[in-house]
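Thanks for coming, everyone. Please have a look at it first.

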Amino acid sequence: MSKSGPIFKPGPISAKPLGILLDDVFAEAYAKQGFAARELVTRWAQIAGAEIAAHAEPLKMQWPRPVEGQPQQPATLVLRVEGPMALEIQHSADVILERVNRFFGWSAVGKLAFRQAPLSRPQARKRPAPPDPTSVAKVAESLGEIEDEELKTALARLGAAIKRN
């Protein structure tokens, strides 16, 4: 006594990148800080240059209130700068302004303001040390016959690393 009825098959799964799903959330958060384009923050190292980006990062943009009948005044870009490098970054202000305005394609930023504070960098992950050669050799002996010597070496290193942890 089996029931006959339609069988439902699942349709194709359309996975979307996380960046697209969270686009509105991020856009709103960046807009609250005055950033019209979040690329200024996400691509800061490319825009300002690696040397400047190593010691400074954009914090927010402050736009002056528009005056009726007057053209929009350029914004002030507030940078978070590591303490000892603030003076050096301040001397590079013209270069930073030029690069940021070139990125925007118009004179969006007229001046810079600095806040001395530690940068909010992600912590660099420390790579574990490779396993010692004696433990790799022990594991290699226990692997048996593997024709590909590179594969055998890689498996021995993996096995020694697993045993160490």
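Start with Arg 80 and Glu 57: their side chains are joined by a polar contact of 2.6 Å. By polar contact I mean a pair of N or O atoms within 3.5 Å; within protein, one must be able to donate a hydrogen and the other to accept it, and residues adjacent in sequence count only if both atoms are side-chain atoms.

Some ground rules. This is a predicted model, where local features need pLDDT of at least 70, side-chain atom pairs count only at pLDDT 80 or more, and totals for chains, interfaces and linings use all residues. Residues are numbered from 1 along each chain as its sequence is written, and side-chain values use heavy atoms, with hydrogens and water left out.

Back to the pair. Arg 80 also forms a salt bridge with Glu 57, with the closest N and O atoms 2.6 Å apart. A salt bridge here is a side-chain nitrogen of Lys or Arg within 4 Å of a carboxyl oxygen of Asp or Glu. Which parts of the chain does the pair link? Distant ones: Arg 80 sits in strand β2, Glu 57 in strand β1 (residues 56-62), and they are 23 residues apart. Strand β2 covers residues 75-81. Helices (H or I, at least four residues) and strands (E, at least two) are DSSP runs, numbered from the N terminus.

Is Glu 57 buried or exposed? Glu 57 counts as buried because its relative accessibility is 15%. The cut-offs: buried is under 20% relative accessible area, exposed is over 50%, partly exposed is in between, with a 1.4 Å probe and protein chains only.

Now the neighbours. Leaving out residues up to four places away in sequence, Glu 57 touches Trp 44, Val 78, Leu 79, Arg 80, Leu 119 and Ser 120. With the same exclusion, the contacts of Arg 80 include His 55, Leu 59, Arg 115, Leu 119 and Ser 120. Contact means heavy atoms within 4.5 Å.

How many salt bridges does the structure hold? Two. The other line-up is Glu 98 with Arg 102, where the closest N and O atoms are 3.1 Å apart. These residues are four apart in helix α7 (residues 93-104), so about one helical turn separates them. Glu 98 is partly exposed, at 48% relative accessibility. Arg 102 is exposed, at 57%.

Next, the inside. The largest nonpolar core has 21 residues, and Trp 44, Leu 77, Ile 96, Val 100, Val 109 and Leu 112 touch the most other members. Elements that each supply at least two residues of this core are α4 (44-48), α5 (50-53), β1, β2, α6 (86-91), α7 and β3 (109-116). Apart from it lies another core, of five residues, among them Val 139, Ala 140, Ala 156 and Ala 160. A nonpolar core is a set of buried Ala, Val, Leu, Ile, Met, Phe, Trp, Tyr and Cys residues joined through side-chain atoms within 4.5 Å.

Trp 44 is in helix α4. Trp 44 counts as buried, at 4% relative accessibility. Beyond four places in sequence, Trp 44 touches, among others, Ile 52, Glu 57, Leu 77, Ile 96 and Val 100. Leu 77 is in strand β2. Leu 77 is buried too, at 0% relative accessibility.

Now the outside. Leu 151, Leu 155, Leu 158 and Ile 162 form a nonpolar surface patch, with about 360 Å² of accessible area together. Patches are made of residues with over 30% relative accessible area and no salt bridge: like charges are joined within 9 Å, nonpolar side chains (Val, Leu, Ile, Met, Phe, Trp, Tyr) within 5 Å. Areas come from the Shrake-Rupley method with a 1.4 Å probe; for residues, only the protein chains shown count as cover. Leu 158 lies in helix α9 (residues 149-164). Leu 158 is partly exposed, at 47%.

Finally, the whole chain. There are nine helices and three strands. Of the 165 residues, 24% count as buried. The chain exposes about 13,000 Å², and carbon and sulfur atoms supply 56% of it.
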